[in-house]
Structures are given as structure tokens and as C-alpha cells.
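Subject: Structure for you to look at

Hello,

Here is the structure I promised to pass on. Please open it alongside this message.

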Protein chains: 2
Amino acid sequence: MDEHAIRQVTEAFLAAWNTHDMGAFAALYSDDADFVNVYGMHWKGRDVIGESHRALHETIFKASRLSATRTEMRFLRDDVVVLHMFWDLTGLQRPDGTPVPDRRGILLHVLERSAEGWRIVATQNTDIVPPPA
Amino acid sequence: MDEHAIRQVTEAFLAAWNTHDMGAFAALYSDDADFVNVYGMHWKGRDVIGESHRALHETIFKASRLSATRTEMRFLRDDVVVLHMFWDLTGLQRPDGTPVPDRRGILLHVLERSAEGWRIVATQNTDIVPPPA
């Protein structure tokens, strides 16, 4: 049942991204969650996570589509989970509409079950890129 | 006491890196730990984490020095912690000894206390770089 609930969080994460609904996106996070993006920017708290993503979804991510190619879920406790999601991101664009190359990466979510259900308490995201020669 | 023990893990992490002792480095991880590096490479298990870092510490990281500029520790449970470490990495070099620019980044550790003490169960590392304009 918990596994099902966690899958629903990851599906809601993708759905919120792909409908660019940053209210729904932020609601997946705990009040005091941490989010580190692929540039090492550290956003603290649900509201900041929502607002920073809202700005991005009005520009570069406006028409983007995020999909999960693989997820790995690991229960540390019955109410604490570490989840890796491998993702593809397409449809990126510059403010003038010029397309930006697709990206892929791997995202780590730490989730915990609270009285309100499963929430993401920490996310860290890393682009998959070839290491320098 | 747990906070002190966790600080010892992060100090041992830096010490192992800076003495390039990948046996000591790997020993900080649980058997089945996950490590995602800054290029999105996903290493699974203590042995793989140790071996992959050993190869890097014979080349690019051979004379490197890692230091923590800030750490933030958050207890999810009394035996589960999420820790962010902001780091600087200097002394990088190519195989021919040519210096490589310094890097900085932010690393997420998930730690849990087991019968053997605190171990890292997941690490994800991200370089801090300016986002594209």
C-alpha cells in the first residue's frame, strides 16, 4: 500500500511538471523540504521550491515534458524511502522559442510518511553528461 | 551523541578523500549504498563505490583536496539523517599533471544508524555551476 502511495507521488510529480502546475508540484513537498537542482542551487521549503519552479516553467520549461525511464525505490524504514528516478526532459526552449537540446538525468527523492501521507523531504537532481576525457 | 557520530562520519569522509584511502572511504558506506556522482553515474554497493573512486584517485583526484564549507544536518528519525555538505575541491589534475580548474558543489548524504553505527546509505553529488543564460 505504501509502495502504491509512493508511486502515486512520483506520477503526480511528473503530471504536475507536464501540466506546469507548480501549486500541485509544491504540494508534494513537506514544509521544510530541500531541493537541489542540476546547477547546485539549493531551495529550502515548499514555497521557495514552488516559486523557483514556477519561474522556470514560465520560461525554459514552459513546453517541456518530463518522463521517468526507471525508478528504484528503497525503504529505509517503513515510513522513510529513498527513491532514484532516471528521467528524460524534452521540449526545452529559450525565451524566444528557440529549442534547447533534450536532457537526461537522475534524481534522488527522500520521502517520508507523515499524518498527511507521503511527502518529499529532499530532492537532488543531477544531469547525466559525459565526464571530461 | 548521534550528532557527534555523524560529524565524525563527515570528517572521516573528508579525511579518506584527502589521504586518498579508498578502503576507509568505502567503509563509510552500507553494503547496498547508492552513489550518484556529478556526471550522473550511478554506483551501487560499497565495493563498486570504493573501486570507482579508487580509479579516480589514481588519476584526476590523485592530489586533490576536498573541504566542507558548510554542512546542514536534519534528523528524519532518531536513526535516519539527511545531510547536505557544500564543498570545495582543489588540486585536480590531468594524467599528464596539467592542472584542472577548482570545483565546488553540494552533496547530499542519507545516513542511517545500524548495529555497526552510522553508515551512508545514499550520496548524490552536484557541481555548483552557473545556469545557462
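Predicted model: local features only at pLDDT ≥ 70, side-chain atom pairs only at ≥ 80, totals over all residues.

**How the chains are related**

A rotation of 180 degrees, with 0.0 Å of shift along its axis, puts chain B on chain A at an RMSD of 0.0 Å. That is what a two-fold axis does. Within chain B, B:Thr126 has the C-alpha nearest the axis, at 3.0 Å. The copies meet through the same surface, because 100% of the interface residues of chain B are also interface residues in chain A.

**The interface**

Contact involves 38 residues of chain B and 38 residues of chain A. Together the two chains bury about 2800 Å². Carbon and sulfur atoms give 56% of that area. Three residues stand out on the chain B side: B:Tyr39, B:Arg74 and B:Arg77. They supply 23% of the area that chain B buries against chain A, more than any other three residues.

A:Arg77 forms a salt bridge with B:Asp79, and their closest N and O atoms are 3.2 Å apart.

Which elements of chain B give two or more residues to the side that touches chain A? They are β1 (29-36), β2 (42-44), β3 (65-77), β4 (80-90), β5 (103-114) and β6 (117-127). By type, the residues on that side of chain B divide into 20 nonpolar, 7 polar and 11 charged.

**A:Arg74**

A:Arg74 sits in strand β3 (residues 65-77) of chain A. Is A:Arg74 buried or exposed? A:Arg74 is buried, because its relative accessible area of 16% falls under the 20% cut-off. Beyond its neighbours within four places in sequence, A:Arg74 contacts A:Val80, A:Val81 and A:Val82 in chain A. Across in chain B, A:Arg74 touches B:Asp32, B:Ala33, B:Asp34, B:Lys44 and B:Val121. A:Met1 is 73 residues away from A:Arg74 in sequence and 14 Å away in space, C-alpha to C-alpha.

**A:His57**

A:His57 belongs to helix α3 (residues 46-57) of chain A. A:His57 is buried too, with a relative accessible area of 6%. Leaving aside neighbours within four places in sequence, its contacts are A:Trp17, A:His20, A:Met22, A:Lys62 and A:Ser64.

Best wishes

Terms used:
Residues numbered from 1 in each chain as written. Chains lettered and ligands numbered in written order. Heavy atoms only, no water. Helix = DSSP H or I, 4+ residues; strand = E, 2+ residues; numbered from the N terminus. Buried < 20%, exposed > 50% of the residue type's maximum accessible area, 1.4 Å probe, protein only. Contact = heavy atoms within 4.5 Å. Buried area = accessible area lost by both parts, 1.4 Å probe. Salt bridge = Lys/Arg side-chain N within 4 Å of Asp/Glu carboxyl O. Nonpolar A, V, L, I, M, F, W, Y, C, P; charged D, E, K, R; others polar. Least-squares fit on C-alpha atoms with pLDDT ≥ 70 in both.
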